[in-house]
Amino acid sequence: AFAIARLRAPTILAARARIDEARGRLVRASVLLRDNPVLETGGGVGIAGPGSFLKAEVGLSQTFELGGRRRARVEAAHARIASATAASDDTLRGLLRDVGIAFFRALYSKERLALARRVERLAADVVRIAEQRLAAGDIALLHRNVAAGALSRARADASAFEGASAAALGGLRAVLGFDATAPLAIRGDLRARRRLDFAEIVAGDRPDIRVFAAEIQEAEAEVRLGKALAAPELSVGARYERDDGANVVLGTLSLTLPFFERGQGLRAEATARARRLRLERDAAVRLVRVKSRSAWDTYRRRIAAVVELEKNALPLLEASEALIGKAFSAGAIGLLDVLVVRRESFDVRRAYLDRLLDVAIGGIEIEAYAGVLR
C-alpha cells in the first residue's frame, strides 16, 4: 500500500510538481543580468537657419545591479526549493499515515467480519442442538426461540460488518487514488507489531520542521536582497551621433540614486517573517516532543492490553467454546449458560481485535511523529 501511494497518489504528484515550480524560480533568479540591453535610435532634419541638415543617433546601454542582488535572489530561490522539497516530504508523511491507518482499518474490518461469521456459525449450531433437544422434550419452545433470536442477531451483525468492510476498502481506495470500481484486496496480520525505538522517535527528522528551516533561510535571503536594493544601479553604454555631417561617438554612464526606495519595505517584511517563523518553529518542536512522549506512553499501554488478552484470555476461549457445545448437547447445562459463555467469548475476541487495531494505528502514528514514514 505504501509503495502504491508513493507511486501514484494524486496528492504526492501535486506536491512534487511544486518542487518543479520552485526550480523555475531558480532559473529566473540565476539569469546573469536582470535587465536586457536597451537600444535607442533617433533621427530628424534640422530646420534652423537657411538650410536643412540631417541628424541621427544610436545608443546602446546595459544596466548592472550592484550590492549582491543576484546572489540574494539565487539564495532565496535555493531556499524555496528546499522548502518545497520538505513540504513534499511532509505531504508524503501525512499521506503514508493516512494510508497506514486506512489499511489497518480495512484489515480490522476483514477480521471483524470473519469473527461475526464465526459467531453466526456457532449460533446456528446452538439452534440445531436446541431443536434436537426440543424434539426430545428436554427444553421448552421458549428456549428454542431465544436461540433463534440469537442466530438472527448474529446474521444481522455479519451483514452489517460486510458493509463496514466494504466502506473500509473504499476509504483505502480513496487515499490511494484508485477508482471506485477498481478491484482491491488486502492481506496482512494485525498481530504483527512494528519495531519502534523511542530514541529514534525523539531524534527523528521531521519534514515539517525542515519546512520552517528552509522558509527562515528564504526570509534571511530576502533581508539581504532588501539591503542590496539600497545600492545604486549602474548603467553603461555607448552612443553614436551624426550631426550635419559630423560623426560623434560618446560613452555613457548613469547611476540611480536610491534616495526614496531603498528596499526598506522588503527588509522590514522579511525580518518580521523570519522572526515569526522562528517562533513557530520553536513551538512546533516543543509540541512534537510532547506529542511524541504521549504517543509512546499510549502505545506501550496498548501493547500491555494486547499482551494481557493474549496471555490470560485467548488460550482459554477455544477450550471453553468446545466444552460448552458438548455440555449443551449432552443436556448438562441450559441454553442461558450457553448464550452467556458464547457472548463473553465473543466480547473477548472483539476486544482483542479492537486492541490490535489500537496498537497498529498507534505504531503508524508514532512513525509519523518520528518522520520515518517517507
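## Glu-218 and its partners

Glu-218 and Arg-80 form a salt bridge, with their closest N and O atoms 2.5 Å apart. Glu-218 lies in helix 6 and Arg-80 in helix 3, so this pair ties together parts that are 138 residues apart in sequence. The model is a predicted one. Glu-218 counts as buried, because its relative accessibility is 7% and the cut-off for buried is under 20%. Arg-80 is partly exposed, with a relative accessible area of 32%.

Glu-218 has another partner. Its side chain also meets that of Arg-25 in a salt bridge, 3.0 Å from N to O. This pair links distant parts of the chain too: Glu-218 sits in helix 6 (residues 207–228), while Arg-25 sits in helix 2 (residues 10–29), 193 residues away.

## Helix 6 to helix 7

Glu-220 forms a salt bridge with Arg-278. The closest N and O atoms of Glu-220 and Arg-278 are 2.5 Å apart. Arg-278 belongs to helix 7 (residues 264–312) and Glu-220 to helix 6, so the bridge ties together parts that are 58 residues apart in sequence. Arg-278 counts as partly exposed, at 31% relative accessibility. Glu-220 is partly exposed as well, with a relative accessible area of 30%.

## The salt-bridge network

Some salt bridges share partners. They join Arg-25, Arg-80, Glu-218, Glu-222, Glu-269 and Arg-273 into one network. The structure as a whole holds 29 salt bridges.

## Helix 4 and its neighbours

Two packed helices are described by the distance between their axes and the angle between them. Take helix 3 (residues 69–135) and helix 4 (residues 141–176). Their axes come within 8 Å and cross at roughly 165°. That makes helix 3 roughly antiparallel to helix 4, because the angle is over the cut-off of 145 degrees. The crossing of helix 3 and helix 4 is left-handed.

How do helix 4 and helix 9 run relative to each other, parallel or antiparallel? The axes of helix 4 and helix 9 (residues 335–370) come within 10 Å. They cross at roughly 20°. Helix 4 and helix 9 are therefore roughly parallel, since angles under 35 degrees count as such. Helix 4 and helix 9 also make a left-handed crossing.

## Gly-363 in helix 9

Helix 9 contains Gly-363. Is Gly-363 buried or exposed? Gly-363 is buried, because its relative accessible area is 0%. Gly-363 and Gly-226 are 137 residues apart in sequence. In space, their C-alpha atoms are 47 Å apart.

## A nonpolar surface patch

Which residues form a nonpolar patch on the surface? They are Leu-39, Val-58, Leu-60, Tyr-240 and Val-249. Together they have about 480 Å² of accessible area.

Leu-60, one of these patch residues, has its place in strand 2 (residues 53–64). Leu-60 counts as partly exposed, at 48% relative accessibility.

Notes: Residues are numbered from 1 along each chain as its sequence is written. This is a predicted model: local features need pLDDT of at least 70, side-chain atom pairs count only at pLDDT 80 or more; totals for chains, interfaces and linings use all residues. Side-chain values use heavy atoms; hydrogens and water are left out. Patches are made of residues with over 30% relative accessible area and no salt bridge: like charges are joined within 9 Å, nonpolar side chains (Val, Leu, Ile, Met, Phe, Trp, Tyr) within 5 Å. Accessible areas come from the Shrake-Rupley method with a 1.4 Å probe; for residues, only the protein chains shown count as cover. A salt bridge is a side-chain nitrogen of Lys or Arg within 4 Å of a carboxyl oxygen of Asp or Glu. Helices (H or I, at least four residues) and strands (E, at least two) are DSSP runs, numbered from the N terminus. Buried means under 20% relative accessible area, exposed over 50%, partly exposed in between (1.4 Å probe, protein chains only). Axes are lines fitted to C-alpha atoms, for helices over the stretch in contact, and angles run from 0 to 180 degrees between N-to-C directions. Angles under 35 degrees count as roughly parallel, over 145 as roughly antiparallel, 65 to 115 as roughly perpendicular and the rest as oblique. A crossing is left-handed if the near helix is turned anticlockwise from the far one by less than a right angle, and right-handed if clockwise.
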